[in-house]
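Hi everyone, thanks for coming.

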Amino acid sequence: LTVAVVAIAGASAYLWFAAPVNTVGAVAFSRSLAIPPLADSRVTDDGVREFDLDLTRGTADLGHGPGTEVWGVDGGYLGPTVRAHRDEQVRVNVTNGLGETSTLHWHGMRVPAAMDGGPHQMIADGETWSPQWRIDQPAATLWYHPHLHGATAEHVYRGVAGLFLVDDEAPGDGLPDRYGIDDVPVIVQDKNFDGDRLDTGISALSGVGILGEEILVNGTPGPYLDVTTQALRLRLLNASTARVYDFGLYDEDGGARPYEVVATDGGLLEAPVPRERLMLSPGERAEIVVRVDPDDRLVLRSTPPDLGTDIFHTRFAGGADSFDVLELRAAGELAPSPPLPPRLRAADPAPDDPAEIRRFALANNRINGEAMDMSRIDAVVRAGSTEVWEVTNEDGLPHNFHVHDVQFEVLGTDDAVLRGRKDTVWIPAGDTRRLLVRFGDHVDPETPYMFHCHILYHEDAGMMGQFVVVGADDDEPTVIDHEMHD
Ligand code: C2O
Ligand code: CU
Ligand code: CU
């Protein structure tokens, strides 16, 4: 191997292997795409919709025989899709059977900090944690995953993750909505294998942790989806630990098939946005709707994303070439689908003037020079207030930025997709994103929410901080009791 050493300004030196070590290859689409089942629920006498999620170790066939040891929910790889309606009270009984401490976080959810499932809400092996909250946000494709400090990448990579769909009666009704038929989850992850074992080895030299050479969708290698309707809605989730995708749909001649982006992380766009490419970094979601013709063969393909600097193409896009993710096989006759509604929702009300402007510099697995410390609060915000958070990628490595409990607005962009509701956003190398954040009103001065890079290796290594929400008129707390709250 040829090894080149590149010094990153202000950072330690990273080693770059000039030889292509990530070779996501050609795919034979030979397996029908698994659709995560909808999680069972019951409504208790006091009107709470209750779910059970058992975190388990089991085995699954991820393309290397039936015996690959995986983690997941209820014995398999990944977990069922949890689905609840706006304004419902929900309770999720999370039982940890993993053999070690974990947590379960509701990514994108507006939720009291003690119910958030972040690093402070640890669930010891054999214990059950039962958070309860009221769903208080518009329809969206959210997701759940562990968040144990220092071990998030491993727990997610081994397979603990799933979708959490919020429904409401948005004007966007009229979108394809038959789960698993014309409204299909697409959870994209990359893996490495060592024989029939999931290879969890991390090359610290990569700078981003694991980059897998094989792609799974909903846990299925080489997946195809039979399409039976004229319009198909895909709910895309990048649940990889580090890989960034730039998704397009292509026909058999390699021509790009335009689609409409209808939703981002936190829910519907105001109107569909026609696109041919869409970049998703880890943690981000998007919903797209594509119209298909009878007998169409389309491929969901990732092409090398523009990560802001050329050096990252090979390392972080997984080779200079494109790779295929999922094949869509349209039937010879398709059930009719109505055209998309021209408007999906009303515009958000104009935000208040920001009460505060804060700056966050991402570099060297630190934020503003500090590594994550469970006992340090990095920001105290007031319930219901609006702030501008300016986040800068200072070391030029790949980073994105995720804030718990909120959907923010990206300022200063005319990209109609980026202007949708977001909880995770790519921060180009050397660039700054200005985020307009409206905080919730779950006051709890003692239990922090997280903000962090969602490249999980960076998060685990310390690129994470904590904020608390205090009452609008409260004094700022000076000492935080950081004992476990559960
Ligand atoms: Cu998806 Cu703090 O996490
Ligand atoms: Cu989150
Ligand atoms: Cu990062």
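Let me start with a term: helices (H or I, at least four residues) and strands (E, at least two) are DSSP runs, numbered from the N terminus. Also, this is a predicted model, where local features need pLDDT of at least 70 and side-chain atom pairs count only at pLDDT 80 or more, while totals for chains, interfaces and linings use all residues. Residues count from 1 along each chain as its sequence is written, and chains are lettered from A and ligands numbered from 1 in the order in which they are written.

Okay, residues 362-470. That span is 6% helix and 48% strand, and its end C-alpha atoms lie 25 Å apart. UniProt, in an unreviewed entry, puts "domain: Plastocyanin-like" at 362-470 and also at 58-170; its positions are in the numbering used here, feature names are shortened, and annotations may be inferred rather than shown by experiment.

Now, which order do the strands of the open five-stranded sheet take? They run 29-28-31-35-33, with mixed pairing. Strand 29 (366-367) and strand 33 (408-411) are the edges: each has a single partner strand, so one side of each lacks a neighbour in the sheet. Pairing here takes at least two DSSP bridges between two strands. Strand 31 (residues 386-393) and strand 35 (residues 432-438) pair antiparallel over seven bridges, and V391 sits opposite R433 in strand 35.

Last bit, the domains. The assignment, which is automatic or from a database, gives domain 1 (23-27 + 175-335), domain 2 (34-162) and domain 3 (356-470). The centres of domain 2 and domain 3, over C-alpha atoms, are 23 Å apart.
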